[in-house]
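Please look through the sequence and the model below before reading on.

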Amino acid sequence: MEPDELEDCFSGKFSSISVKTSGTLADIAQAVVNRPIFGLREGDTVALKSPKEPCKSSIERFVREAKILEMLMRQRVPEIITYYGCLATPDGVPVLVEELADHNLTLLRRRKYKEDFPEALMDSVIERVAVGLSAVHSLGAGHGYLHRDIKPSNIYLFHGGLAKLGDFGSAGLNIQGRMGDPELGKGTSSGGAHGTPNYSAPETLGNRKIYSVSSDIYSLGCVGFYLIAGKTPFDDLGLENNFAELKNAKLGEWGYDGYIDRAIEQLVKRKKVSDHKIKAVRKAMDPSPANRQKLVSEFLLEYQFEAEETILRKGFERIQDLLTKTFDTNSDATPIEIVDAFLCEYEKILTHIQKYNLRSDIPENARDLLGQRADKDYENLRKYLRIEDGRAKIDLPSRERAAERKKYVQDLFTLLFCWGNSVRDKFITDKAISRIKPGAMNRDFFERWYQVYFK
């Protein structure tokens, strides 16, 4: 809708309405709030999004977009553009009220970073868009929703670089596709087209278009390529309106054999970003949905850390190194500090596993190492204690060593409870205690033992 039409409908609510951007299906105008509405204050500047040519289908599209945005706002997803509410003209045309962006990613790339996009900013944009897209995929009951139009102009920038995902006009439910192709997984089978051809997955360009989590990941990969190269691999082909030829190029068929790989090779030659980012983008843009990352979080992990287990392996290596440290090392660290370092690394591994929903043997292997160290501490305790009639005595060769041995045993006792409580493997009650004197000891006995001897 034109600014003057919006002013006629909403003059009491907004002023200074002017064109911000105009797209194929929607217009976005900039406006100033005249009186409080949707939690906004007088003087706030907002974006008014309206259908370019109001009709039944465009109105349905806007109503669906408002519903999806409302659900995302209830989940408080900061990586999604803020939606305030929906108004209607006297004719029933919906107008969405959203926060006003400074730029979109396309404009920022063209105006400020015509050559190389800063890698740090690139990482920030990809991470925020990936997190926002993951929220869309997990939205609501069932299989969630799909965005279906991930591209640079739908990624909005605020406050000098804060990226948010927007424009949910093409979004829809992620229902089971009707193709029966196991490679495509869950998705929406549609006769209608959604998205922007150069950023669309090949399976969405045929007569029967299949939209899925995988097709959104493909589009996100294209955005990654765009940030690195300044364009998609298909921009120079001029095939935006020739879906059949563009699909062949994306599949590497009919004269386009190896096309994507050659485009990726050019990125590698540029050598402006880390190799693992290019590998993640290449995998996301694989012609076959089965070969792409299964989840957006998996793409983000590979984009950030090269491979799923890289950060886990590093943590495991640090735990292995700590395992070599004993009480008689030359290190200034106390036994408690060593255990704390162990547990810190272990918690990092577990957090990483949970955050990215990974499957890995590394946590179990790390747990085994922690168990080895805990068992070693029990063995050390046995060296300095002996049991007589249910009471513990310190085996001291001389009075001169008494204070030293007492401190050592105190540390060991503390470590036992630290291991048992933190690693949660019942070391105290089930493991070493039964080997010291089977069936005769439990946690209470250890506590009484400690109290009698040291308190």
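In which loop is R148 found? R148 lies in the loop between β7 (145–146) and β8 (155–158), where helices (H or I, at least four residues) and strands (E, at least two) are DSSP runs numbered from the N terminus. The model is a predicted one, in which local features need pLDDT of at least 70 and side-chain atom pairs count only at pLDDT 80 or more, while totals for chains, interfaces and linings use all residues. Residues are numbered from 1 along each chain as its sequence is written, and side-chain values use heavy atoms, with hydrogens and water left out.

The backbone of R148 has a phi near 70 degrees, a positive value in a residue other than glycine. Most residues other than glycine have a negative phi. R148 is buried, with a relative accessible area of 9%, buried being under 20% relative accessible area, exposed over 50% and partly exposed in between, with a 1.4 Å probe and protein chains only. D167, which is not a glycine either, has a positive phi of about 55 degrees; it is placed in the loop between β9 (162–165) and β10 (172–173), and with a relative accessible area of 21% it is partly exposed.

The chain as a whole comes to 15 helices and 14 strands, and 49% of its 455 residues count as buried. Its accessible surface, by the Shrake-Rupley method with a 1.4 Å probe, is about 22,600 Å², of which 47% belongs to carbon and sulfur atoms. Among contacts (heavy atoms within 4.5 Å) between residues at least 6 apart in sequence, 62% join residues at least 24 apart.

Y211, in strand β12 (residues 209–212), is buried, with a relative accessible area of 2%, and its C-alpha atom is separated by 7.8 Å from that of N174, 37 residues apart along the chain. S58, in helix α2 (residues 56–74), is buried at a relative accessible area of 9%; S58 touches P51 and E53, residues up to four places away in sequence not being counted, and the C-alpha atoms of S58 and V93, 35 residues apart along the chain, are separated by 9.0 Å.

Helix packing can be followed around α5. Two packed helices are described by the angle between their axes and the distance between the axes. Here axes are lines fitted to C-alpha atoms, for helices over the stretch in contact, and angles run from 0 to 180 degrees between N-to-C directions. The axes of α5 (residues 213–229) and α8 (residues 275–284) come within 8 Å and cross at roughly 140 degrees. That makes α5 oblique to α8, since angles under 35 degrees count as roughly parallel, over 145 as roughly antiparallel, 65 to 115 as roughly perpendicular and the rest as oblique. In this contact I217, Y218, G221, G224, F225 and I228 of α5 meet I278, V281 and A284 of α8. These residues divide into seven nonpolar, two polar and no charged, with Ala, Val, Leu, Ile, Met, Phe, Trp, Tyr, Cys and Pro counted as nonpolar, Asp, Glu, Lys and Arg as charged, and the others, Gly among them, as polar.

With helix α7 (residues 259–270), α5 packs at an angle of about 40 degrees, the axes being 11 Å apart. The two helices are therefore oblique to each other. F225, I228 and A229 in α5 meet A263, I264, L267 and R270 in α7, and the residues of this contact divide into six nonpolar, no polar and one charged.
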